[in-house]
Amino acid sequence: MHIALYKPDIPQNTAAIIRLGACLNLKIHIIEPCGFNLHDSRFKRVVMDYMGMSRIFRYEDYDDFIKKNKDKRIVLMTTKAKKHYHKFKFKKNDMMLFGRESAGVPEILHKTIKNRIKVPMNKKTRSLNVAMSVAIISAEALRQNNLLK
């Protein structure tokens, strides 16, 4: 399974997602530019030695990402979706796209990506931490496809 991060801007979140990827055998795709340097001390503190155990792919921009992943179904995680993640049928090769912590993804992506899902939340709250969302969605996608070991 694949996790794509759209221009992530918080190093600790990206590092936690890379660690999760190593632990759950997920491929991590980072769409540049990031809002930090991958040599950032905050990033290194959280990622520890999991960087070498992870499968990470980096892309110059969204167009490069799309060009190199034409064979995958993109599923956008967004608080603006109507469909809940647990009612969505994940496929083994899905590319689960998570937006930037500070701004999500551009409106054009909301309009062009067919599959959009969300984690249901308390109406008084705005959003979950992106690393938490990745963990929740990944666990369900792996469970549905019998990939948890």
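Two residues are in contact when they have heavy atoms within 4.5 Å of each other. The structure described here is a predicted model.

**Thr-14 and its surroundings**

- Thr-14 is part of helix α1.
- Its neighbours within four places in sequence being left aside, Thr-14 is in contact with Leu-5, Pro-8, Ile-30, Phe-36 and Phe-43.
- Is Thr-14 buried or exposed? Thr-14 has a relative accessible area of 0%, and because buried means under 20%, Thr-14 is classed as buried.

**The pairing of α1 and α5**

- Helix α1 covers residues 11-24 and helix α5 covers residues 130-144; their axes come within 9 Å and cross at roughly 20°.
- Angles under 35 degrees count as roughly parallel, and therefore α1 and α5 are roughly parallel to each other.
- The crossing of these two helices, α1 and α5, is right-handed.
- Which residues of α1 and α5 meet? From α1 come Asn-13, Ala-16, Ile-17, Leu-20 and Leu-24, and from α5 come Val-130, Ala-131, Val-134, Ala-135 and Leu-142.
- Sorted by class, the contact of α1 with α5 consists of nine nonpolar residues, one polar residue and no charged residues.

**The nonpolar cores**

- The largest nonpolar core has 30 residues, of which Ile-3, Met-96, Phe-98 and Ile-137 touch the most other members.
- Two or more residues of this core come from each of the following elements: β1 (2-6), α1, β2 (27-31), α2 (41-47), β4 (74-77), β6 (95-98) and α5.
- Which element gives the most to this core? Helix α5 does, with six residues.
- Met-96, its neighbours within four places in sequence being left aside, is in contact with Met-1, His-2, Ile-3, Ala-4, Val-75, Met-77, Phe-90, Ile-137 and Ala-141.
- Another core, of 13 residues, lies apart from the largest one; Ala-4, Leu-97, Val-105 and Leu-109 are among its members.

**Arg-58 in strand β3**

- Arg-58 belongs to strand β3, which spans residues 55-59.
- With its neighbours within four places in sequence left aside, Arg-58 is in contact with Ile-30, Glu-32 and Leu-38.
- Arg-58 and Gly-99 are 41 residues apart along the chain, and their C-alpha atoms are separated by 15 Å.

**Backbone features in the loops**

- The peptide bond that leads from Glu-32 to Pro-33 is cis, with omega near 0°.
- Pro-33 is located in the loop between β2 and α2.
- Lys-7 is found in the loop between β1 and α1. Its phi is near 45°, which is a positive value in a residue other than glycine.
- Asn-25 is placed in the loop between α1 and β2. Although Asn-25 is not a glycine, its phi is positive, at about 60°.
- Is Asn-25 buried or exposed? Its relative accessibility is 53%, and because exposed means over 50%, Asn-25 counts as exposed.

Conventions
Residues are numbered from 1 along each chain as its sequence is written. This is a predicted model: local features need pLDDT of at least 70, side-chain atom pairs count only at pLDDT 80 or more; totals for chains, interfaces and linings use all residues. Side-chain values use heavy atoms; hydrogens and water are left out. Axes are lines fitted to C-alpha atoms, for helices over the stretch in contact, and angles run from 0 to 180 degrees between N-to-C directions. Helices (H or I, at least four residues) and strands (E, at least two) are DSSP runs, numbered from the N terminus. Angles under 35 degrees count as roughly parallel, over 145 as roughly antiparallel, 65 to 115 as roughly perpendicular and the rest as oblique. A crossing is left-handed if the near helix is turned anticlockwise from the far one by less than a right angle, and right-handed if clockwise. Ala, Val, Leu, Ile, Met, Phe, Trp, Tyr, Cys and Pro count as nonpolar, Asp, Glu, Lys and Arg as charged, and the others, Gly among them, as polar. A nonpolar core is a set of buried Ala, Val, Leu, Ile, Met, Phe, Trp, Tyr and Cys residues joined through side-chain atoms within 4.5 Å. Buried means under 20% relative accessible area, exposed over 50%, partly exposed in between (1.4 Å probe, protein chains only).
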